[in-house]
Amino acid sequence: MVEAHFKSLRLFRKYCRYMPFVINYFGYRKFTTPEQAKLQLAQYWRQNSKVRDPQNIDMFVRAGYERLYSMQNGDVWGSLILD
């Protein structure tokens with residue numbers, strides 16, 4: 001269980017470090033700032049913090065990394081990032 005927590009925490013930190021690039025690169029300055037986006041991301045993370053099944057946590061982390069790598073490669077449409 002501790003391992004799943006640290007996987008999720010590492011993913012959250014990567015998203016937070018990458019957030020200023022996402023906001024600037026995709027032109028979201030008119031919608032949000034990097035700080036607000038990080039707060040929204042933290043709120044989303046807290047909503048999913050009650051999950052205790054390691055398989056669900058692994059699935060959540062895997063999907064998060066896939067989305068992050070897609071954003072880094074420019075493979076994601078802008079509206080999908082706003083979700």
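The questions and answers below cover a pocket, a nonpolar core and aromatic pairs in a predicted model.

Residues are numbered from 1 along each chain as its sequence is written. Local features need pLDDT of at least 70, side-chain atom pairs count only at pLDDT 80 or more, and totals for chains, interfaces and linings use all residues, while side-chain values use heavy atoms, without hydrogens and water.

User: Which element gives the largest share of the lining of the second largest pocket?

Analyst: A pocket is an open set of points on a 1 Å grid over the protein atoms alone, where a 1.4 Å probe fits, with protein on both sides within 12 Å along at least five of seven lines; lining residues have an atom within 4 Å of a point. Here 16 residues line the pocket, and H5, S8, W45, N48 and S49 are the closest to its centre. Two or more lining residues come from each of α1 (2–25), α2 (34–47) and α3 (54–73), helices being DSSP runs (H or I, at least four residues) numbered from the N terminus. The largest share, five residues, belongs to α1.

User: Which residues touch the most other members of the largest nonpolar core?

Analyst: Such a core joins buried Ala, Val, Leu, Ile, Met, Phe, Trp, Tyr and Cys residues through side-chain atoms within 4.5 Å. Helices α1, α2 and α3 each give two or more residues to this core, and α1 gives the largest share, nine residues. Of its 20 residues, those touching the most other members are L11, F12, Y15, L41, W45 and M71.

User: Which residues does W45 touch, not counting those up to four places away in sequence?

Analyst: Contact means heavy atoms within 4.5 Å. By that test, W45 touches S8, L11, F12, Y15 and F60.

User: Why is the pair of Y28 and F31 called tilted?

Analyst: Rings of Phe, Tyr and Trp (its six-membered ring) pair if their centres lie within 6.5 Å; planes under 30 degrees apart are stacked, over 60 edge-to-face, and the rest tilted. The whole structure has 10 aromatic pairs. In this one the centres are 6.0 Å apart and the planes stand at 55°, so the pair of Y28 and F31 is tilted.

User: Is F31 buried or exposed?

Analyst: Buried means under 20% relative accessible area, exposed over 50%, and partly exposed in between (1.4 Å probe, protein chains only). Y28 is buried at 5%. F31 has a relative accessible area of 53%, so F31 is exposed.
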